Amino acid sequence: MERTVKLKIRRQDAPHLSQTRRWEEFEVPWQPRMNVISALMEIRKNPVTTKGEKVAPVVWESVCLEEVCGSCTMLVNGRVRQACTAMVDSIAGKGETIQLEPMTKFTVVRDLLVDRSRVFGDLKKVHAWIQLDGTHELGPGPRQSQENQEEAYPLSRCMTCGCCLEACPQINDSSSFIGPAAINQVRLFNLRPSGKMHAAERLEALMGEDGVAGCGKAQNCVEVCPKEIPLVDSIAVVARQTTKHMLFGWLFK
Ligand code: SF4
Ligand code: SF4
Ligand code: FES
């Protein structure tokens, strides 16, 4: 008998139509080296459920297919991760059903596609870039030492996937905590020699209730970050920077 892949997928027709939330099950032919995205592509070719109902194709997002863009992040068997690197043989090697759901901390756009714009909005809030605009030649920037580069590189691997926000218990409807990804970017940009000049602005954005103080130190974020970014260390570093800035920042104004 032909080997198949079974999928149970959470569907929702539109952001405001939570009453359309439902599970649908599909079975598609297995192929070697298949991942969850290739299984979803098989469903799209012929979107018929195991009950024989013809349905609308499942909606999801994916771009790079190599765990670089973060767009395919979803709950695979209840665990937040990238669907493109979820290999069918390792998660359902014995033919188990693979369960797919959208992340729960973001608004569902449709089916498995969520609106991750909050992650990008948070980067804007903390000024997570280096401001080098000018109408004249600015010359070469300050040199970055090897040690500085080595400390910065692991922090720079964030792909704004949202896994850490999904796993963080402090991100919920009754909290405005910004979450670990943006705090880590503050550490990164404050560390770079050319980013230091806007360090105060970044720290000030994190000094309110929604800033570093909102972290409950549960460490779930580190466990789920696919890029193994030392998020709890970043939160501790930035917490120290904000305290110092609160106490002595006025000296430098
Ligand atoms: S350590 Fe802080 S940011 Fe990380 S999951 Fe816990 S509460 Fe959230
Ligand atoms: S810090 Fe890690 S888990 Fe969080 S958004 Fe960046 S890559 Fe994803
Ligand atoms: S498609 Fe880019 S991370 Fe999966």
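Reader: How do the residues lining the second largest pocket divide into nonpolar, polar and charged?

Author: The model is a predicted one. In it, the second largest pocket has a volume of about 180 Å³, and 13 residues line this pocket. By class, the lining residues divide into five nonpolar, three polar and five charged.

Reader: Which residues of that lining are the closest to the centre of the second largest pocket, and which elements each supply at least two lining residues?

Author: Closest to the centre of the second largest pocket are Gln12, Arg21, Pro102, Met103 and Val108. As for elements, at least two lining residues each come from β1 (4–11) and β6 (107–110).

Reader: How many cavities of 30 Å³ or more are found in the whole structure, and what is the volume of the largest cavity?

Author: The search covers the whole structure and finds four cavities of 30 Å³ or more. For the largest cavity, the volume is about 100 Å³.

Reader: Which residues are the closest to the centre of the largest cavity?

Author: The largest cavity is lined by 16 residues. Two elements give two or more residues to this lining, α5 (163–167) and α6 (180–191). By class, the lining of the largest cavity has eleven nonpolar, three polar and two charged residues. The closest to the centre are Cys158, Cys161, Cys164, Cys225 and Ile229.

Reader: What is the volume of the second largest cavity, and which elements each supply at least two residues of its lining?

Author: The volume of the second largest cavity is about 80 Å³. Its lining has 14 residues, and Cys168, Cys215, Ala218, Gln219 and Cys221 are the closest to the centre. The lining divides into nine nonpolar, four polar and one charged. The elements that each supply at least two lining residues are α8 (220–224) and α9 (231–248).

Reader: Where does ligand 1 sit?

Author: A molecule counts as sitting in a cavity if more than half of its atoms lie within 2 Å of the cavity's grid points. By that rule, the place of ligand 1 is the second largest cavity.

Reader: Which residues are the closest to ligand 1?

Author: Ligand 1 is surrounded by 14 residues. At least two residues of this shell come from each of α8 and α9, and the shell divides into nine nonpolar, four polar and one charged. The closest to ligand 1 are Cys168, Cys215, Gly216, Ala218 and Cys221.

Definitions and conventions: Residues are numbered from 1 along each chain as its sequence is written. Chains are lettered from A and ligands numbered from 1 in the order in which they are written. This is a predicted model: local features need pLDDT of at least 70, side-chain atom pairs count only at pLDDT 80 or more; totals for chains, interfaces and linings use all residues. Side-chain values use heavy atoms; hydrogens and water are left out. On a 1 Å grid over the protein atoms alone, a cavity is a set of points where a 1.4 Å probe fits but cannot get out, and a pocket is an open set with protein on both sides within 12 Å along at least five of seven lines; lining residues have an atom within 4 Å of a point. Grid points are joined across faces, edges and corners, and a volume is the space filled by probe spheres set on the points. Helices (H or I, at least four residues) and strands (E, at least two) are DSSP runs, numbered from the N terminus. Ala, Val, Leu, Ile, Met, Phe, Trp, Tyr, Cys and Pro count as nonpolar, Asp, Glu, Lys and Arg as charged, and the others, Gly among them, as polar. A residue is near a molecule or strand if one of its heavy atoms lies within 4 Å of it.
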